[in-house]
Amino acid sequence: MALRLGDVAPDFTADSSVGEINFHEYLGDSWGILFSHPADYTPVCTTELGAASKLKEEFDKRNVKMLALSVDGADSHRSWIEDINETQNTTVNFPIIADEDKKVSELYDMIHPNSNESFTVRSVFIIGNDKKIKLIITYPASTGRNFVELLRVIDSLQLTANYSVATPADWKRGEDVVVAPAIKTEDIPSKFPKGFKEIKPYLRTTPQPDL
Ligand code: BEZ
């Protein structure tokens, strides 16, 4: 059955570019991002892994462990990483799962046979520190992902996990947020002492509460 938001991210043990990994042990108490690549030595994936590596410090700041996956073997991953480091001017600094038997890809429904029978699509799973799936995105093989956007989503997920707020369209860290509809307007001042604006009774904004 397809995975849905709120499900526990299925655990697995698999080989990777840095040896065997147990997913839940690897995550520990951290958040996680698991993202799949159609295959090694492909141009878009090469740029994506370069972009993701350059942002590792930003994922670390948010306590998010990175884990990539491709359906080739660990030796292939290690040789490909040398190419990625050379061509993208970076150092790949997180493991890539070697999913040759497609066990993990199938567990996470990363192969969409009507798109391609043997390659994974570009799936992204963001997993909370409670091991539950907070976000699922699927891109086709032909479109590289925007890892800065994924950091923006993580900022929203982590903020809204702790405060009764939601983030509006195109929100970025530091901008005003929306007060959750469940909060009565008369209760806002005690919960959000930085103040609020009532644009409509159902649309109330407040400065980002954790800054
Ligand atoms: C790529 O990563 O460049 C790619 C992989 C499969 C199909 C198209 C592009």
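Two residues are in contact when heavy atoms of theirs lie within 4.5 Å. In this predicted model, V165 illustrates the term: setting aside residues up to four places away in sequence, V165 touches L159, T160, V177, V178, A180, F192, T206 and P209. The briefing below begins with the whole chain, continues with the cores and the ligand, and ends with individual residues.

**Overall form**

- The protein chain contains seven helices and eleven strands.
- Its C-alpha trace spans about 60 × 40 × 30 Å along the principal axes.
- The chain has 211 residues, of which 46% count as buried.
- The accessible surface of the protein chain is about 10700 Å², and carbon and sulfur atoms account for 49% of that surface.
- Taking contacts between residues at least 6 apart in sequence, 64% join residues at least 24 apart.

**Domains**

- The domain assignment of the protein chain lists domain 1 as residues 13–145 and domain 2 as residues 163–206.
- The C-alpha centres of domain 1 and domain 2 are 35 Å apart.

**Nonpolar cores**

- The largest nonpolar core comprises 26 residues, and those with the most contacts inside it are I33, F35, L49, F59, F94 and I126.
- Two or more residues of this core come from each of β3 (31–37), α2 (43–54), β4 (64–70), α4 (74–88), β6 (122–127) and α6 (147–162).
- Helix α6 provides the largest share of this core, with six residues.

**Ligand surroundings**

- The residues around the ligand are P38, T42, P43, V44, C45, R122 and A141.
- Helix α2 gives the largest share of this shell, namely three residues.
- The side chain of T42 has an N or O atom 3.0 Å from an oxygen atom of the ligand.
- For C45 it is a backbone N or O atom that lies 3.0 Å from an oxygen atom of the ligand.
- The side chain of R122 places an N or O atom 2.9 Å from a ligand oxygen atom.
- On its own the ligand has 260 Å² of accessible area, and the protein covers 73% of that area.

- H37 counts as buried because its relative accessibility is 0%, and buried means under 20%.
- Not counting residues up to four places away in sequence, H37 touches C45, E48, L49, A68, L69, S70, V71, T120, R122 and R145.
- Among these contacts of H37 are C45 and R122, both of which are listed around the ligand.

- S156 lies in helix α6, and with 14% relative accessibility S156 counts as buried.
- Leaving aside neighbours within four places in sequence, S156 is in contact with T167 and W171.
- V165 is placed in strand β8, which covers residues 165–166.
- The relative accessible area of V165 is 6%, so V165 is buried.
- V165 and G32 are separated by 133 residues in sequence, and their C-alpha atoms are 22 Å apart in space.

**Loop residues with positive phi**

- Most residues other than glycine have a negative phi; the two residues below have a positive value.- Y41 has a phi near 55 degrees, which is positive although Y41 is not glycine.
- Y41 lies in the loop between β3 and α2, where its relative accessibility of 43% makes it partly exposed.
- N89 likewise has a positive phi, near 55 degrees, in a residue other than glycine.
- N89 is located in the loop between α4 and β5 (96–98).
- N89 counts as exposed because its relative accessibility is 69%, and exposed means over 50%.

Conventions: Residues numbered from 1 in each chain as written. Predicted model: local features only at pLDDT ≥ 70, side-chain atom pairs only at ≥ 80, totals over all residues. Heavy atoms only, no water. Domains from an automatic or database assignment. Core = buried A, V, L, I, M, F, W, Y, C linked by side-chain atoms within 4.5 Å. Buried < 20%, exposed > 50% of the residue type's maximum accessible area, 1.4 Å probe, protein only. Helix = DSSP H or I, 4+ residues; strand = E, 2+ residues; numbered from the N terminus. Near = heavy atom within 4 Å. Polar contact = N/O pair within 3.5 Å; in protein donor to acceptor, adjacent residues only side chain to side chain. Areas by Shrake-Rupley, 256 points an atom, 1.4 Å probe, with all protein chains shown as cover.
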